[in-house]
Amino acid sequence: MIATLPMTPKGSSAPLGYWLTPVIADILRERSSDSLAVCIGTIGAKSPSVADILLFREELDFVGVRKAKVLTDGELVASLERNVATILSRVESSDIVSECYVCECGLLEIPIEQVRFLKPKTFHIENGKVFCVVCGGEATTSTQSRFCMFFPESAFGKSPQIHPRSYSAEIRDLMGQIRRNGICVGKNRPTGFLYSERNLDVELVWQTMPYELIHQENDKRLVLVVSNHVLKQGLLAILLARTLGFNGEIHLIVTPYINHPGTVGKWCLEKLAELGHDELTARFMLANSLGWSLKDATLSTVVSEVGYRRLRLFARRVAESRRSTDNPEKLVEDINHQTLTLGLKHVFNPDKFDYARLSGLYSS
Ligand SMILES: [Zn+2]
């Protein structure tokens with residue numbers, strides 16, 4: 001099974017690059033016999049509205065992902081909670097006291113020594129000071145007791161295969177760090193998830209989702225597609241699946257993170273649709289941005305060189321040729337096909353991957 005980590009619906013502001021992960025997962029589905037599950041994140045402090053979830057499904061359709069099982073972590077929450085209880089009954093855990101950055105609203109709880117290793121998602125740093133992204137307040141320091149768990153050795157036994165290989169060293173470092181220090185799974189604020197009177201971090205709950213899906217389907221192979229900005233979360237999902245006893249093949253596919261030239265707002269699907277873009281041109285822009293050798297690819301390196309106005313022109317040309325005898329869909333589809341093939345060749349073992357016969361896709 002091919003799966004994504006739960007994606008948080010962003011309403012109408014989600015830019016095109018946000019959809020790269022499900023699009024790549026969908027392309028892999030087309031080229032293999034695996035099924036695809038696209039997961040939506042709904043549990044946690046900032047749960048999306050019903051309208052946002054509906055829009056997510058519509059936009060997924062707009063970028064051509066139609067043959068996926070789309071489901072929310074909320075639908076499976078009882079099973080996910082059971083998974084977490086099983087994990088915590090199997091691993092060593094303890095309360096560890098450390099000096100942390102905390103904020104007024106309670107979102108931040110970051111050990112001081114870890115802050116420089118973290119990607120700033122819940123906080124931002126300005127002139128050496130840490131600020132919360134939710135309440136906007138400057139973090140203060142305080143001594144906190146944190147509930148941590150340590151993975152069993154068996155979780156590290158069978159390493160996942162990493163595509164592209166260039167991420168292997170980073171994964172190895174992360175794995176070493178997690179093996180030594182364990183991970184913090186508790187929060188000192190109510191999260192809605194309790195384990196022996198401790199509030200559990202919601203991340204731990206949703207990170208068992210890939211395991212749950214594969215377990216339900218009784219599948220033997222997990223192909224997890226993540227962007228490099230959530231590499232650690234992807235790796236944790238894998239280690240949790242191993243701890244829960246999944247013994248099959250695991251592949252971790254790491255996509256570039258897409259940057260958007262100019263203001264992000266103009267890259268939302270609604271705007272692109274207004275300009276006449278559709279599934280083919282949206283996928284075209286993503287396909288052209290696939291700089292797999294780069295961690296951060298700028299959207300549509302080819303097209304963006306000539307700017308946004310050119311994109312409008314491109315969309316118009318496609319619309320015009322639709323009215324003529326040419327077959328623009330076929331044309332764009334072919335370009336997409338070729339570009340993606342080139343892109344995928346950089347990711348999946350170029351010596352063994354035979355695109356024409358689709359063999360060797362996941363072999364090492
Ligand atoms: Zn805060």
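I take two strands as paired if DSSP finds at least two bridges between them, and I take helices (H or I, at least four residues) and strands (E, at least two) as DSSP runs numbered from the N terminus. I note that this is a predicted model, in which local features need pLDDT of at least 70 and side-chain atom pairs count only at pLDDT 80 or more, while totals for chains, interfaces and linings use all residues. I follow the numbering that starts from 1 along each chain as its sequence is written.

**Entry: strands around β14**

I looked up β14 and found that seven bridges join it to strand β15 (residues 249-255), the two running parallel; within this pairing, V226 has V254 in β15 as its bridge partner. I then followed the chain from β14 through helix α8 (residues 231-243) to β15, and this β-α-β crossover is right-handed, meaning that, with the strands pointing away from the viewer, the path from the first strand over the helix to the second runs clockwise. I also recorded that strand β1 (residues 2-4) pairs with β14 in the parallel sense over three bridges, with V225 in β14 as the bridge partner of T4. For burial I count a residue as buried if 20 or more other C-beta atoms, placed from the backbone, lie within 10 Å of its own; six of the seven residues of strand β14 (residues 221-227) are buried, and the strand is mostly covered.

**Entry: helix α8**

After α8 I found G245, whose phi is positive, near 100 degrees.

**Entry: the open sheet**

I traced four strands in an open sheet, in the order β5-β4-β8-β10 with antiparallel pairing. I see β5 (109-111) and β10 (183-184) at the edges, each with a single partner strand, so one side of each is left without a neighbour in the sheet. Strand β8 (residues 140-150) pairs with β10 over two bridges in the antiparallel sense, and I listed I183 in β10 as the bridge partner of M149.

**Entry: α3 against α7**

I noted contacts (C-beta atoms, placed from the backbone, within 7 Å) in which S79, L80 and N83 in α3 meet M209, Y211 and E212 in α7.

Conventions. Buried ≥ 20, exposed ≤ 12 C-beta atoms within 10 Å, placed from the backbone. Contact = placed C-beta atoms within 7 Å.
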